[in-house]
Amino acid sequence: PPGLVYHPDEARQLLADAGYPRGRGFPEVSLLYGLRGANSGVATEIQALWREELGITVNLRGQEWKVYLNTQSLVDFDLCLSGWVGDYNDPQTFLDMFVTDGGNNLTGWSNPKYDEMLKESEATPDQVKRMQILQDMERILIDDDTPIAPIYNYVGMSLYYPDKLAGFEPNFVDDHRCGAFYIPGRKP
């Protein structure tokens with residue numbers, strides 16, 4: 001599904017309808033994030049955007065990686081910046097993360113219908129039907145219950161000279177084994 005879209009006017013109206021015009025009276029919230037990679041910049045951007053567009057105060061709660069992982073596992077946060085890179089080429093690599101009591105479900109969210117649909121998808125040999133079940137699960141996750149709000153995707157970029165280096169093949173996890181590379185015209 002398309003998921004959440006950027007509509008600040010609608011967000012401001014929803015806040016006003018809930019009794020928080022221009023964010024006035026809205027409780028302060030904190031955003032937990034791990035101190036690695038681009039997380040600090042993303043967290044700062046979220047904080048600025050919510051302040052400018054909605055009048056909401058977001059306190060940043062950056063933590064060293066191991067501390068962050070522990071805090072996240074305790075579900076001790078208002079909002080949490082988190083990410084996942086698929087480790088195999090199937091939607092299930094993302095969708096099974098949110099099953100009730102699953103080891104990767106660090107949201108505290110639970111939906112029995114979603115859990116049942118995952119079991120059904122795993123038992124369905126018909127791939128067209130299975131993909132439809134997974135799409136329906138995605139709708140629950142993104143449109144109906146919304147325990148997560150995907151805001152960006154990782155992008156990988158590789159530059160190389162194919163006439164000087166062969167064996168480099170794009171793949172889902174952007175993993176490239178040096179042993180697969182060879183110089184064109186020479187036996188691999």
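In this predicted model, 27% of the 188 residues of the chain count as buried. The chain exposes about 12,800 Å², and carbon and sulfur atoms supply 54% of that area. Its radius of gyration is 21 Å, whereas a compact globule of 188 residues would have a value near 16 Å. The C-alpha trace spans about 70 × 40 × 35 Å along its principal axes. Among contacts in the chain with a separation of 6 or more, 56% join residues 24 or more positions apart.

The secondary structure consists of six helices and three strands. In sequence order these follow the pattern α-β-α-β-α-β-α-α-α.

The three strands make up an open sheet, ordered β2-β1-β3, with parallel pairing. The edges are taken by β2 (58–63) and β3 (79–80); each has a single partner strand, so one side of each lacks a neighbour in the sheet. Six bridges, in the parallel sense, link β2 with strand β1 (residues 29–34). One of the bridge pairs joins G34 to Q63 of β2. Strands of a sheet pair through backbone hydrogen bonds, in either a parallel or an antiparallel sense.

Helix α5 covers residues 112–122, and its buried residues are Y114, D115, M117, L118 and S121. Viewed down the axis of α5, these buried residues fall within an arc of 160°, so they line one face of the helix. They pack against two other helices, α4 (92–95) and α6 (127–144). The face of α5 turned away from the buried side carries exposed residues, namely P112, K113 and K119.

The start of α5 has a contact between a side chain and the backbone: a side-chain oxygen of N111 comes to within 2.9 Å of the backbone nitrogen of K113. P112 belongs to helix α5. P112 counts as exposed because its relative accessible area is 63%, and the cut-off for exposed is over 50%. The C-alpha atom of P112 lies 7.5 Å from that of T100, a residue 12 positions away along the chain.

The two distances given for this region are set out below.

| Atoms | Distance |
|---|---|
| N111 side-chain oxygen and K113 backbone nitrogen | within 2.9 Å |
| P112 C-alpha and T100 C-alpha | 7.5 Å |

Helix α5 thus presents two faces: one is lined by its buried residues, and the face turned away from them carries P112, K113 and K119.

How values were computed: Residues numbered from 1 in each chain as written. Predicted model: local features only at pLDDT ≥ 70, side-chain atom pairs only at ≥ 80, totals over all residues. Heavy atoms only, no water. Buried < 20%, exposed > 50% of the residue type's maximum accessible area, 1.4 Å probe, protein only. Helix = DSSP H or I, 4+ residues; strand = E, 2+ residues; numbered from the N terminus. Arc of directions from axis to C-beta. Contact = heavy atoms within 4.5 Å. Polar contact = N/O pair within 3.5 Å; in protein donor to acceptor, adjacent residues only side chain to side chain. Rg over C-alpha atoms; globule rule 2.2 N^0.38 Å. Areas by Shrake-Rupley, 256 points an atom, 1.4 Å probe, with all protein chains shown as cover. Pairing = 2+ DSSP bridges.
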